[in-house]
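Subject: Structure handover

Hi,

Here is the structure for you to open. My notes on what was found in it follow below.

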Amino acid sequence: MTVCLLLLSVVALTAAVPAPRALTRAAWPEREPVVALWVWQCLVATVLLCCLTALVLGAAAVFHTVRDHVFAPAPPAVTAAYDLSTAPAWAAALTVLLASGAAWTTAMLARELVEARRSRGQARAQLRERAPELPAGLPAARGPMLVLEDEYPDAWWMPGHPPQLVVTTGALHRLTDLQLDAVLTHERGHARAHHDWLLHLSTALATGFPRVPLFAHFCDQTHRLVELAADDTASRRCGHLTTALALIELNQHRGVLSCDSSRRLLGERVDRLLEPPPRLLLRHRALTTTVAALVPLLPLLITFAPGLTALS
């Protein structure tokens with residue numbers, strides 16, 4: 001059991017500290033934001049699974065009731081292989097620490113979901129008071145949409161069931177039909193991929209554990225990569241140049257080409273769309289996706305290895 005806990009700790013620390021720092025320095029996530037989002041989720045899942053399995057093993061070693069429930073269906077040889085009767089003294093402290101972390105994580109996720117639902121309800125009520133439903137005859141309009149009387153061009157999506165697109169009259173006046181279609185495709189890309197859930201998860205983890213490099217980088221990179229992924233969705237349908245021009249038109253009043261750090265992402269997105277699309281290395285992308293998908297299985301393999309060895 002001591003070996004399992006040590007291996008789980010090593011895997012969790014590796015996924016939480018050096019791996020995210022190396023991933024933030026890599027250049028390929030900008031070319032493949034969807035794959036990068038998948039890799040980040042796999043790293044987070046690895047850390048959470050390591051902590052959960054270590055919590056189960058530690059609780060089984062410290063508390064006989066937990067041990068009886070967890071290993072009830074297992075043969076005596078499997079229980080003996082884990083050597084739970086000789087748990088080290090630090091197993092109790094580790095179990096309490098992991099249990100506290102699990103409770104804190106659950107509280108942060110619950111708070112984020114409650115706050116998001118409350119803010120979403122207030123925003124939807126205010127929007128319905130200010131804007132009528134968009135007529136179905138508008139060019140390039142599909143699905144429920146709200147139009148706001150506002151001179152500034154803007155468009156965004158409201159998560160929910162169903163997701164709702166919001167566009168200002170300034171955007172309708174400034175954008176061409178093709179540019180408007182690119183903007184709406186961008187926002188629908190967010191809705192189809194359920195990026196709101198990913199943003200809530202990353203925000204909750206970063207808020208609850210601000211000193212953990214993985215969760216801090218996960219939050220920052222998620223907010224960036226979801227925009228790049230939605231840009232790619234729009235550019236595949238409407239073209240890179242049209243999507244870039246639509247982005248410029250929507251954000252001129254915000255300083256899209258400014259060097260200000262808060263607006264730097266907008267300039268990076270425009271530069272990325274205006275550059276010639278790189279030739280995708282499909283074999284390397286498939287390999288990256290496959291390896292990332294297998295990474296979260298490490299905690300389970302480490303946990304079940306003694307039992308499988310005993311059965312064989």
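The largest nonpolar core has 19 residues, and Trp40 and Leu214 have the most contacts inside it. A nonpolar core here is a set of buried Ala, Val, Leu, Ile, Met, Phe, Trp, Tyr and Cys residues joined through side-chain atoms within 4.5 Å. Buried means under 20% relative accessible area (1.4 Å probe, protein chains only). Helix α4 (33-62) is among the elements giving two or more residues to this core, with α1 (2-16), α10 (195-208) and α11. The largest share, eight residues, comes from α4. Helices are DSSP runs (H or I, at least four residues), numbered from the N terminus.

This is a predicted model: local features need pLDDT of at least 70, side-chain atom pairs count only at pLDDT 80 or more, and totals for chains, interfaces and linings use all residues. Residues are numbered from 1 along each chain as its sequence is written, and side-chain values use heavy atoms, with hydrogens and water left out.

Now Trp40. Leaving out residues up to four places away in sequence, Trp40 touches Pro20, Leu23, Thr24, Leu214, His217, Phe218, Gln221 and Leu225. Contact means heavy atoms within 4.5 Å.

Another core, of 13 residues, lies apart from the largest one. Val147, Leu175, Leu184 and Ala191 are among its members.

Leu13, Thr14, Ala15 and Ala16 of α1 meet Pro18, Ala19 and Pro20 of α2.

Best wishes

Key: Buried means under 20% relative accessible area, exposed over 50%, partly exposed in between (1.4 Å probe, protein chains only).
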